[in-house]
Amino acid sequence: MYRVGLGYDIHRLEENRDLVIGGIKIPYEKGLLGHSDADVLIHAIIDAMLGALALSDIGTLFPDTDEKYKNADSKILLKKVYELIKNKKYYIENIDSNIIAEKPKMMPYIPKMKEVLCEILSIEPERLSIKAKTHEKMDSVGQGLAIEANAVVLMKKV
């Protein structure tokens, strides 16, 4: 049996924060504001995985009202969700994702993101697509105020 999940996340850019996307730190003068490290790509992937199996969402599983998730490393949250998926006897067929940002340019960092995420999720690089997009200077993302990501996950029962 196959299951498909869709995930989405957006965070505002702020000074005095690290920019962490896809599990890696990207040099930039601003970072994403959030209760955890605000990694939009990992958060979108987590929501897609949870959604595929109707297991709620990232905010329910890791609430921003719980101090133990304050400044949490999203890679650790992803590992926990991957364990849930494995315990339900599913594995990831593939993930297709987008990072939408005007700046900084994401393309130079995507190979390292893929390396980090594929290791956590025990998948081959050809099963993970990460694309970089812009909003052509329109809306909050296009004006450089935020970064967003979306992901679609296909899972199969073992």
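In the predicted model described here, His11 is placed in strand β1, which spans residues 2–15; strands (E, at least two residues) and helices (H or I, at least four) are DSSP runs numbered from the N terminus. Residues are numbered from 1 along each chain as its sequence is written, and side-chain values use heavy atoms, with hydrogens and water left out. As this is a predicted model, local features need pLDDT of at least 70 and side-chain atom pairs count only at pLDDT 80 or more, whereas totals for chains, interfaces and linings use all residues.

His11 counts as buried because its relative accessibility is 14%, where buried means under 20% relative accessible area, exposed over 50% and partly exposed in between (1.4 Å probe, protein chains only). Residues up to four places away in sequence aside, His11 touches Leu32, Leu33, Gly34, Ala38, Val40, His43, Ala146 and Ile147, a contact being heavy atoms within 4.5 Å. With Leu33, the side chain of His11 reaches the backbone oxygen at 2.8 Å.

The largest pocket has a volume of about 260 Å³, and of the 14 residues that line this pocket, the closest to its centre are His35, Ser36, His43, Phe62 and Asp64. On a 1 Å grid over the protein atoms alone, a pocket is an open set of points where a 1.4 Å probe fits, with protein on both sides within 12 Å along at least five of seven lines, and lining residues have an atom within 4 Å of a point. Strand β1 and helix α2 (58–61) each supply at least two residues of the lining, which divides into 6 nonpolar, 6 polar and 2 charged residues.

The structure holds 1 aromatic pair, formed by Phe62 and Tyr69 in an edge-to-face arrangement, with 5.2 Å from centre to centre and 80° between the planes; rings pair if their centres lie within 6.5 Å, and planes over 60 degrees apart count as edge-to-face. Both Phe62 and Tyr69 are buried.

Several backbone features are found in loops. The peptide bond from Lys103 to Pro104 is cis, with omega near -5°, and Pro104 is placed in the loop between β5 (90–100) and α4 (110–121). Asn16, in the loop between β1 and β2 (19–21), has a phi near 65°, a positive value in a residue other than glycine, and counts as exposed because its relative accessibility is 78%. Glu136, in the loop between β6 (128–133) and α5 (139–142), likewise has a positive phi, near 50°, and is exposed, with a relative accessible area of 60%.

Note on methods: Polar contact = N/O pair within 3.5 Å; in protein donor to acceptor, adjacent residues only side chain to side chain. Points joined across faces, edges and corners; volume = space filled by probe spheres on them. Nonpolar A, V, L, I, M, F, W, Y, C, P; charged D, E, K, R; others polar. Phe/Tyr/Trp six-rings, centres within 6.5 Å; stacked < 30°, edge-to-face > 60°.
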